[in-house]
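Good morning, and thank you for making time for this presentation.

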Amino acid sequence: MCKSTVHLFSDGVFMLINLAVQVSNDAVLESTVDEAIASGNLAGKIYVDCSTVHPNTSIAVCRKITEAGAKFVAAPVFGASPVAEAGRLIFVSAGPESARMAIDPYLKGVMGRSIIDMGEDVSKSSLLKIAGNICTGLGPAILEQMLGDNFGPVIESYSKRLTTGAYAPAVDAKAGFDVALAIKDAKHAINCATEAGTDLEVSRVALKNMELACELQKGKPLDSSSMYGTIREDAGLDFYTDLCKKRDGVA
Ligand SMILES: *[C@@H]1O[C@H](CO)[C@@H](O)[C@H](O)[C@H]1NC(C)=O
């Protein structure tokens, strides 16, 4: 456990930043908050919690802080200490708008390179932090920003191929990178690996899903990312997203 609280003053704003990024359990955050409340008047202050806790803990702690007359911002981060030292953390912040705006300048360009704004509901930032790549209740736009901020423009552009429907273009359109080419390349990669005495398991999975996409949508233009459609079908969804169906006039 590494527990430290930083106090920042500015323009009458008094911030308490709980930097216990590695809080061992939620009870530690609760006791840290209880200590802060017991230590004196929190009125008019902003309590920023950067640890990763259960969304319910954020809600409970927010209630206590608010009752003590302060504002609570749940701001868990993506990135370990070397990332923080380089000022490259990604903050995910949720809480009252005025508090989020007040703390912005202390996060961005100081410890963080970006802030993903989750709005007023303090449970949402923990949810994004914990969810990682499970997007229950968050929505693809937020998830896409998280992917872009965390992993860069290449991954973000892949995400966009899914969210914009480019993975499965309209019948009269052309794929960005045709799945047939991707299948050919994947086979080359797998063969080269075999010759070198190794196996590309992930490429095999990708190849299988790309080939299935071609079978499922015979004759239609498909992008190299069309395995998304295969995986959607595996999950009991339609190959085409609602956006695609709207575009093609079939929904
Ligand atoms: C979180 O809160 C919800 C709603 O009150 C509740 O249904 C759920 O069981 C809680 N989860 C945990 C882990 O406490």
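This is a predicted model: local features need pLDDT of at least 70, side-chain atom pairs count only at pLDDT 80 or more; totals for chains, interfaces and linings use all residues.

Within this chain, 57% of the contacts with a separation of 6 or more are between residues 24 or more positions apart. The chain comprises 11 helices and 7 strands, and 33% of its 251 residues count as buried.

In soluble globular proteins, nonpolar side chains tend to be buried together. Here the largest nonpolar core holds 33 residues, and Ile 65, Phe 72 and Val 73 are those with the most contacts inside it. At least two residues of this core come from each of helix 1 (26-38), strand 3 (45-49), helix 2, strand 4 (71-74), strand 5 (77-78), strand 6 (89-93), helix 4 (97-107) and helix 5. Strand 6 gives the most, with 4 residues.

Which residues does Phe 72 touch, once those up to four places away in sequence are set aside? They are Tyr 47, Val 61, Cys 62, Ile 65, Thr 66, Gly 95 and Val 122. There is also a second, separate core, of 15 residues, which includes Leu 162, Ala 182, Tyr 228 and Cys 244.

I come now to the helix pairs. Two packed helices are described by the angle between their axes and the distance between the axes. Helix 2, residues 55-67, packs on helix 5, residues 123-131, at an angle of about 155 degrees, and their axes are 8 Å apart. The angle makes helix 2 roughly antiparallel to helix 5. The crossing of these two helices is right-handed. On the helix 2 side, Pro 55, Ser 58 and Ile 59 take part, and they meet Ser 123, Ser 126 and Leu 127 of helix 5. By type, the residues of this contact are 3 nonpolar, 3 polar and no charged.

Helix 5 also contains Lys 124. Is Lys 124 buried or exposed? Lys 124 counts as buried, because 23 other C-beta atoms lie within 10 Å, and the cut-off for that class is 20 or more. Apart from neighbours within four places in sequence, Lys 124 is in contact with Ala 94, Met 118 and Gly 119. Ala 94 lies 30 residues from Lys 124 along the chain, yet their C-alpha atoms are separated by 6.7 Å.

The other pair is helix 8, residues 179-195, with helix 9; the angle is about 150 degrees and the axes are 10 Å apart. Helix 8 and helix 9 are therefore roughly antiparallel to each other. Their crossing is left-handed. Helix 8 contributes Val 179, Ala 182, Ile 183, Ala 186, Lys 187, Ala 189 and Ile 190 to the contact, while helix 9 contributes Ser 203, Arg 204, Ala 206, Leu 207, Met 210, Glu 211, Ala 213 and Cys 214. The residues of this contact divide into 11 nonpolar, 1 polar and 3 charged. Ala 182, in this contact, is also among the residues of the second core.

Finally, helix 10, residues 227-234, has Met 227, Tyr 228, Gly 229 and Thr 230 as its buried residues. Those buried residues pack against helix 7 (153-163) and helix 9 (201-216). Tyr 228 is likewise included in the second core. Just after helix 10 comes Gly 236, which takes a positive phi of about 85 degrees.

Note on methods
Residues are numbered from 1 along each chain as its sequence is written. Axes are lines fitted to C-alpha atoms, for helices over the stretch in contact, and angles run from 0 to 180 degrees between N-to-C directions. Angles under 35 degrees count as roughly parallel, over 145 as roughly antiparallel, 65 to 115 as roughly perpendicular and the rest as oblique. A crossing is left-handed if the near helix is turned anticlockwise from the far one by less than a right angle, and right-handed if clockwise. Two residues are in contact if their C-beta atoms, placed from the backbone, lie within 7 Å. Ala, Val, Leu, Ile, Met, Phe, Trp, Tyr, Cys and Pro count as nonpolar, Asp, Glu, Lys and Arg as charged, and the others, Gly among them, as polar. A nonpolar core is a set of buried Ala, Val, Leu, Ile, Met, Phe, Trp, Tyr and Cys residues joined through C-beta atoms within 7 Å. A residue is buried if 20 or more other C-beta atoms lie within 10 Å of its own, exposed if 12 or fewer, and partly exposed in between; C-beta atoms are placed from the backbone.
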